[in-house]
Each structure stands twice: as C-alpha cells, then as structure tokens.
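Dear colleague,

Please find the structure below. A short account of the findings follows it.

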Amino acid sequence: MDILFAPMQGITDCAYRRSHFLRYGGVDAYFAPFARLERGRIRDKERRDILLARNLGVPTVPQVIARDRDEFARLCDAVQNLGWREIDLNMGCPFPMQSHAGRGSGLLPHADRVGEIFDEMRRRPEVAFSVKMRLGLEDPEECMRLLPLINEAPLRLVTMHPRLGVQQYEGEVDRVAFDCFMEGCGKPMAYNGDLRTIADLRAIERRYPNLAAVMLGRGLVDNPSLARDYKQLLL
C-alpha cells in the first residue's frame, strides 16, 4: 500500500516537499497544491512550485483545479508544457472560495461538466490522470452518480476523502459511504481522511486490504516520520 502526501495550500510547497523527502522519506508520491487559472493563465506562484528543476529527485504529482473543460484544458497545457506527464484533478477542495465557483467539491454536483473534463483527459493519452474527490458537495449521492463516468474515465487512481464539501474538515468521516463507493469503483483507490497514527493506518489496511494507497495530510504535518515509521514496521 503506497503512502501519498496530500496537497496542502500554503504548507506543502516544493521546499517543504524536498525537505521532508530528504529528512524523513517513507512517502511514495507528494501531491503538489493545486494550480489554478488567474486572468486566463496559470498563476505564477503555482507555476514556479511545479517547475521540474525545483522537484528533481522528489516523486511529485502536480494538481490542478478547474470548473469546466476549458479551464482544465488550459491548465493541462501549461503543466504539460513544463514537462509533466502526470496530473491530478482536484474535485475535493471544500473551501467556499473554490466550491462556490464550481471548483473542487463544487464540481461534484455537475456530472455534465465532469464528463466533459474526462473527455478532455481522453484527448491526452500521454498523461497519467488521477482525481482527488469527496463524497459530494452537499449530498453523498453525488459521488455515486459520478461512478459510471469515473469507471469509464482514463484514471490511474481515485482518492476519496469521505466527507462532504460543506463539512470542510469537521464531523466524522463516513466510511460506510466510502464502502459503497469503493464497491462500485473499478479504478485503483486511495483513502484520505483522519489518518494520524500508525494505529489508524493499520486499521485502514485491515478494513480495506485492496486499497492501492492512503493519502496523509495533517497526520504527516503533525508527525513527519509517520510514513517512514509505518513502513519500517512492515519490514
């Protein structure tokens, strides 16, 4: 089971990722904070963060956030032009500035837009795509309605955080809803949400033996050696 480092805006920039990789390790891939469009082009700060020269030797996956196919295509062009051949789509960001604009978890109620974005992925067979998502913005049935599209999309991984966007990071994760989604999902899956200790990781591994990966965020920030310590226990 791979260990992925979740993207965290304002925290896990390229300097942080490199420092963690060299000092602690144990992480199979670091997902960069999402890049977005500003005045029709990728923001300079986020472009600099994913320059290949700044990420050499560190297993990094760039992430983009978009409200429709046009934004997604422009972001993919920019990221691919930097030399990347792997891109993650953020369909989980719960922050109102993004969700109210139809990005992140705000994209989940719009199956038509999601389908168009997946069509754009099909136009780029040279790119390995993944998505990071939530159960829905306001309704956990939103993810279930997207399952047919997800199963037909060219996705190498689906990471699910089993909360609603409107919850942000409050309340309990809904693992029953995660169970339902995973049962119907034909793609490799990663679990994300409230994994803070080795005991948490072992419990998830026992409950979901077919998981491809887990994604850690605040747990790794609070305890930077968590991934390394967990993997050492498995040796």
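What radius of gyration would a compact globule with 235 residues have, and what does the protein have? A compact globule would have a radius of gyration near 18 Å, and the protein agrees with this at 17 Å. The radius is taken over C-alpha atoms, and the globule rule is 2.2 Å times the number of residues to the power 0.38.

Before the details, please note the basis of the values. This is a predicted model, in which local features need pLDDT of at least 70 and side-chain atom pairs count only at pLDDT 80 or more, while totals for chains, interfaces and linings use all residues. Residues are numbered from 1 along each chain as its sequence is written, and side-chain values use heavy atoms, with hydrogens and water left out.

Overall architecture

The protein contains 11 helices and 11 strands; these are DSSP runs numbered from the N terminus (helices: H or I, at least four residues; strands: E, at least two). Its C-alpha trace spans about 45 × 40 × 30 Å along the principal axes. Among contacts (heavy atoms within 4.5 Å) with a separation of 6 or more, 74% come from residues 24 or more positions apart.

Helix 1

Helix 1 covers residues 14–23, and Cys 14, Arg 17 and His 20 are buried in it. These residues lie on the same side of helix 1, because they cover an arc of only 135° around the axis, the arc being that of the directions from the helix axis to the C-beta atoms. In general, an α-helix has 3.6 residues a turn, so residues three or four places apart point the same way. Ala 15, Leu 22 and Arg 23 are exposed on the other side of helix 1. The buried residues are covered by elements including strand 1 (2–5), helix 2 (44–49) and helix 10 (218–222). Just after helix 1, Gly 25 takes a positive phi of about 70°.

Leu 216

Leu 216 belongs to strand 11 (residues 213–216). Leu 216 is buried, its relative accessible area being 0%. Not counting residues up to four places away in sequence, Leu 216 touches several residues, among them Ile 3, Phe 5, Asn 192 and Leu 226. Leu 216 and Asp 28 are 188 residues apart in sequence, and their C-alpha atoms are 11 Å apart in space.

Yours sincerely

Notes: Buried < 20%, exposed > 50% of the residue type's maximum accessible area, 1.4 Å probe, protein only.
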